[in-house]
Amino acid sequence: MEIPTFKMVLNPDDEGLGLKLMSVVDNPAIMVTWAKFNEQEIKLSIQDEDQRIVFGPALIPDLPIKRSIMGEKFFVSIDRENILKTAIKFQKDNLANKIDENHSQQVLSGITIFETFVTDENRVTMAKGFESLPMGTWFITAKVNNDDIWAKMKSGELNGFSIDGLFSFKQAEDLTEKDIRGITREILNKL
């Protein structure tokens, strides 16, 4: 069965498009959770847990993400070029403190994104702990001073980033469920 697939496109000059918020979530659509600095399972940096820093991917290029609107199922993905445009516009629009929980639209206090980068062959080629993610992946590092949110992160209740915004879409080639599983497995099995 073919499933419609759409590519997310961002024209940075369109004031109505782009991210509105970054969300800390319990189930990231990109299916990759973050790493907490100074935790046993992934130790990315020698830091004190008191610093409350989390790090992880926000967008992975060409990863099919399942969506459903009014019962209609489809997939969306975003390519490297549009990820870079999104990351730049995120900074340009000063959204480092616009973070909510599970897409609630309620901006949280006490969380600040202080670092972002998109992997690229000429700048930053990998992120420790996520070496197998493809070039063009957008990574975010956040400082968490919100006690409630930090407790949820430490317990695993919240474990990743998710974007919240508006994009244009263009029809991509329709993929079969087998194609989508293959693409997804190829990206995620490298982790």
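Modeller: Happy to! Two strands count as paired here if DSSP finds at least two bridges between them. Please keep in mind that the model is predicted.

Let's start with the sheet itself. It is an open one of 4 strands, and reading across it gives the order β6-β7-β2-β12, with mixed pairing. At its edges are β6 (65-69) and β12 (168-171), each of which pairs on one side only. Direction ignored, neighbouring strands in this sheet are turned against each other by 40° on average.

Now look at the pair formed by β2 and β12. Strand β2 covers residues 5-9, and its pairing with β12 is antiparallel, over 4 bridges.

Side chains of opposite charge can pair when their charged atoms come close. Arg80 does this with Glu121: their side chains meet in a salt bridge of 2.9 Å, N to O. How open are the two partners? Arg80 is partly exposed, at a relative accessible area of 31%, and Glu121 also counts as partly exposed, at 48% relative accessibility.

Another pair belongs to this story. Asp120 and Arg123 form a salt bridge whose closest N and O atoms are 3.8 Å apart. Asp120 has a relative accessible area of 14%, and since buried means under 20%, Asp120 is buried. Arg123, by contrast, is exposed, with 53%. Salt bridges with shared partners join Arg80, Asp120, Glu121 and Arg123 into one network.

To put that in context, the model has a count of 9 salt bridges. One of them joins Asp147 and Arg52, with 2.8 Å between the closest N and O atoms. This pair links distant parts of the chain, 95 residues apart: Asp147 is in helix α2 (residues 147-155), and Arg52 is in the loop between β4 (35-36) and β5 (53-59). Asp147 has 53% relative accessibility and therefore counts as exposed.

Notes:
Residues are numbered from 1 along each chain as its sequence is written. This is a predicted model: local features need pLDDT of at least 70, side-chain atom pairs count only at pLDDT 80 or more; totals for chains, interfaces and linings use all residues. Side-chain values use heavy atoms; hydrogens and water are left out. Helices (H or I, at least four residues) and strands (E, at least two) are DSSP runs, numbered from the N terminus. Axes are lines fitted to C-alpha atoms, for helices over the stretch in contact, and angles run from 0 to 180 degrees between N-to-C directions. A salt bridge is a side-chain nitrogen of Lys or Arg within 4 Å of a carboxyl oxygen of Asp or Glu. Buried means under 20% relative accessible area, exposed over 50%, partly exposed in between (1.4 Å probe, protein chains only).
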